Amino acid sequence: MPQATLPEAIRGEVGRLGQADIIVGIPSFKSAATIGYVVRAAHAGLVQYFPDLRPVIVNSDAGSPDGTQRVVIETEPPDYVESILLVRPRNRLQRITLTYPEVEGVGGKGAALRSIFEIARALEAQALVVVDSDLRSIGPEWIELLAGPILKGGFDFVAPLYARYKWDGTITNTVTYPLTRALYGLRIRQPIGGDFGLSGDLVTHYVEQDDWDDEVSRFGIDIWMTTKALASGYAVAQARLGAKVHDPKDPGADLGPMFRQVVSTILRLAVEQAPAWLEVRGSHDTPIYGFERLVEPPPLRIDPVRLLRDFAADAETFRTTWTEMLSPATLETARELAAEAGRAAEGLARRGDAWAEGAPGARGAHGADFHFPDSTWAHVVYDALLATRAGTVPRERLAAALVPLYYGRVASFVLETRTADAEQAEERIEHQAREFELAKPYLVERWLAGEGAASGGTTA
Ligand SMILES: Nc1nc2c(ncn2[C@@H]2O[C@H](COP(=O)(O)OP(=O)(O)OP(=O)(O)O)[C@@H](O)[C@H]2O)c(=O)[nH]1
Ligand SMILES: [Mg+2]
């Protein structure tokens, strides 16, 4: 990843700045409405907590037509923050914004971060903090919480730990958290949270990797970063950030492409990193930094009827792929669940909004509407991993064929937790994660036998 891929103007900036101690990187795409706040919060954090370090903020934008980059440069000047915080930092903050170059013709969040990594390495920063541009809950202390463990604690990788509404973060809750935990044996609750702290050493490691593909250039980047840090043995911590409030997404409407990019990446890396997880059993907590927080993130809505309908309809579309990637027993269960999902969707649709949280007539957890068992889901994911290794189904098709099953799994979770509070919903996620650990011997046994999941097993 040579620095030569940076645009000429940025190479000039890097040459002019020469060196930085701490960098905050912000990838963005059409974030004019929110990025000004994120830049000011980052700036205030740098001034307040690291007044002796040389700070730089780097915005790496997709060429947004809404003036995102202008907002980054034109938001309040550095002396505004100094005057409201009554701090005189030793070094004046530098702000850079660039339209990042695509990586082999592909743009996206990962391509944006790649430019940020290159700049951080060129400036020889000790710590890089990466934060999303659509955050509404970031405060100055986030910069300290993400950079502190790097600069004070000798950690290389800091993952965020935040309170999210029970139905936010569905890709995290259904796949990346339980699978990363069961494979590598470390409990990182938000492996794709989007906000990270990284050491200069780890940034250099990222820049030197040669497996950057289209998915990593998009939303595969977060799980790629986390998995690389874990599998290569970097020191990992989590930081308590409070609530994550950002532009919300409904899984059925917005998250299909992101799911495919994340899942395709986690499966590819799991196959490549088998030596790092084959002997791991159970899991350990990861050190946590920062004071506890009591916060309630705002609710968001998910439409389970739409998810269930898609699950039922796509069972036909992916019939062949499911047969190729799932073990016979899991395949049979998946087909039955898809048929049930169709019936449940119509039942729920007839009742209108009565399924909704707290609405009269809503049934409690494990009410009969629809239930996708944890152990079935764990086997679906492990079968997909075995099929990835067997190579009989192209990875992209495999990830696409998992989308309807993920929809079914999310719908089941939503229906079961409609009256649950945050703690009860979290207990469901923990239960599922333990189920992934319990089912791991199934994965390992088949892996060692060199089998693809569809090759005639009976366990499910
Ligand atoms: N440069 C660039 N940034 C992007 C692109 N797509 C998304 N981003 C940025 O990546 C970050 C995360 O994107 P979101 O769309 O908010 O994704 P999310 O669902 O919040 O992701 P998580 O919070 O990690 O679950 C934000 O800062 C976006 O502005 C893109 O195509 N190019
Ligand atoms: Mg977001």
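Tutor: Begin with strand β7 (residues 196-199): Phe 196 and Leu 198 point one way, Gly 197 and Ser 199 point the other way, and all are buried. A residue is buried if 20 or more other C-beta atoms lie within 10 Å of its own, exposed if 12 or fewer, and partly exposed in between, with C-beta atoms placed from the backbone. Helices (H or I, at least four residues) and strands (E, at least two) are DSSP runs, numbered from the N terminus.

Student: What conventions apply to the model and its numbering?

Tutor: This is a predicted model, in which local features need pLDDT of at least 70 and side-chain atom pairs count only at pLDDT 80 or more, while totals for chains, interfaces and linings use all residues. Residues are numbered from 1 along each chain as its sequence is written, and chains are lettered from A and ligands numbered from 1 in the order in which they are written.

Student: How many bridges join β4 to β7, and do they run parallel or antiparallel?

Tutor: Strands of a sheet pair through backbone hydrogen bonds, either parallel or antiparallel. Two strands count as paired if DSSP finds at least two bridges between them. Here β4 (residues 127-130) and β7 run antiparallel and are joined by 4 bridges; Val 129 has Gly 197 of β7 as its bridge partner. Strand β5 (residues 157-163) also pairs with β7 in the antiparallel sense, over 2 bridges, and Val 158 stands opposite Gly 197.

Student: What is the order of the strands in the open sheet?

Tutor: The sheet has 8 strands in the order β3-β2-β1-β4-β7-β5-β8-β10, with mixed pairing. Its edge strands, β3 (94-99) and β10 (288-289), each pair on one side only. Strand β8 (residues 236-243) runs parallel to β10, with 2 bridges between them, and Ala 239 is opposite Tyr 289.

Student: Why is helix α10 described as largely enclosed?

Tutor: Of the 11 residues of α10 (residues 221-231), 9 are buried, so the rest of the structure largely encloses this helix. Among the buried ones are Ile 221, Trp 224, Met 225 and Leu 230. After α10 comes Gly 233, with a positive phi near 75°.

Student: Which residues touch the most other members of the largest nonpolar core?

Tutor: A nonpolar core is a set of buried Ala, Val, Leu, Ile, Met, Phe, Trp, Tyr and Cys residues joined through C-beta atoms within 7 Å. The largest one has 146 residues, and Ile 23, Val 131, Ala 341 and Ala 411 touch the most other members. Helix α18 (residues 395-416) gives this core its largest share, 14 residues. Domain 1 (3-289) and domain 2 (304-448) both contribute residues, so the core lies between them. These bounds come from an automatic or database domain assignment.

Student: How many residues of each domain are in contact with the other?

Tutor: Two residues are in contact if their C-beta atoms, placed from the backbone, lie within 7 Å. On that basis 28 residues of domain 1 contact 31 residues of domain 2. On the side of domain 1 that touches domain 2, the elements giving two or more residues are α7 (170-184), α11 (251-254) and α12 (256-272). The centres of the two domains, taken over C-alpha atoms, are 30 Å apart.

Student: Which residues are closest to ligand 1?

Tutor: A residue is near a molecule if its C-beta atom, placed from the backbone, lies within 6 Å of it. Ligand 1 is surrounded by 21 residues, the closest being Phe 29, Ala 62, Ala 112, Asp 132 and Gly 194.
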